[in-house]
Amino acid sequence: MNTSSTHSFAASASVSASAINFVNNDLIPSTVTHSSQDDLGDINQSAELQCLLQEHIDTTTFGNTTEYCLTQFDTILCWPRTPRATIALLPCLDEFQGIQYDSTQNATRYCQANGTWEKYTNYDACMHLPATVTVPEFEPIIELPTIIYYIGYTISLISLTMAILVFAYFKELRCLRNSIHANLFFTYIMSALLWILTLSVQISLRISLGSCIILVVLFHFFTLTNFFWMLVEGERRLMIYSAEYLLTQALHRMQLFPEL
């Protein structure tokens, strides 16, 4: 077997090829590395046309008797002319169809011993990169209302807690009306507490989807109980007003008809 020699093969319009090791007599597979141009990452129509043009030039110039796999476009990357029985490498794309990839890794494709490319291109090493989203430090349209809500809920939480403590401490305040009000205050306290807790968790902690759903469900549950105790208070007042009305009507009849 002859010693391997360094062969520099022609670069296509969109790809430049680096040095490769090729064995002349025995077709022993070796690895060749290609570096793509910066604009190749865009995979636009012009790059594809340039690759197809280079493929046509290679076919016209070398035909099928060449010791190389001719330039070929695989719908993503343009693979340049590569020696037979060689694994060609190309850097992964920086971005493709809006998705970021790890360009430090390489895609591979095997040039078979008969001078044809393998149909499968190995892009397994081209891993997705997490999308980098730049969040502004302060967005007035979003942040300002949130701050106002946070302050309002905090004030409500403190004042309602003090009101319940007053109802619980002074026994002479215990009556049906104050009991209804205490339950109404408690639902407001839980609603405010869950809103503050949900916001704080979303900002500072990463919790599971199930935990987030539980917090939101509890928040809406106590919001609904607010209206329930309002209904109870309204019904109590209606009963009082109805009793007063019936009592007034009864007294009025007694004045008109004292003999009854």
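These are my notes on the salt bridges in this structure.

**Entry 1. The search.** I worked from a predicted model. How many salt bridges does the whole structure hold? My search of it found two.

**Entry 2. R236 and E233.** I looked at this pair to begin with. The side chains of R236 and E233 form a salt bridge, at 2.9 Å from N to O. I then checked where the two residues sit. Both belong to helix α4, which covers residues 209-256. They are three residues apart there, so about one helical turn separates R236 and E233.

**Entry 3. R237 and E233.** I turned to the other pair. The side chains of R237 and E233 also meet in a salt bridge, with 2.9 Å from N to O. R237 and E233 lie four residues apart in helix α4. That spacing is about one turn of the helix. Which residues do the shared partners join into one network? They are E233, R236 and R237.

**Entry 4. Burial.** Is E233 buried or exposed? I read a relative accessibility of 10% for E233, so it counts as buried. R236 has a relative accessible area of 15%. The cut-off for buried is under 20%, so R236 is buried too. R237 comes out as partly exposed, with a relative accessible area of 37%.

**Entry 5. Background.** Why can such side chains pair? Side chains of opposite charge can do so when their charged atoms come close.

Conventions:
Residues numbered from 1 in each chain as written. Predicted model: local features only at pLDDT ≥ 70, side-chain atom pairs only at ≥ 80, totals over all residues. Heavy atoms only, no water. Salt bridge = Lys/Arg side-chain N within 4 Å of Asp/Glu carboxyl O. Helix = DSSP H or I, 4+ residues; strand = E, 2+ residues; numbered from the N terminus. Buried < 20%, exposed > 50% of the residue type's maximum accessible area, 1.4 Å probe, protein only.
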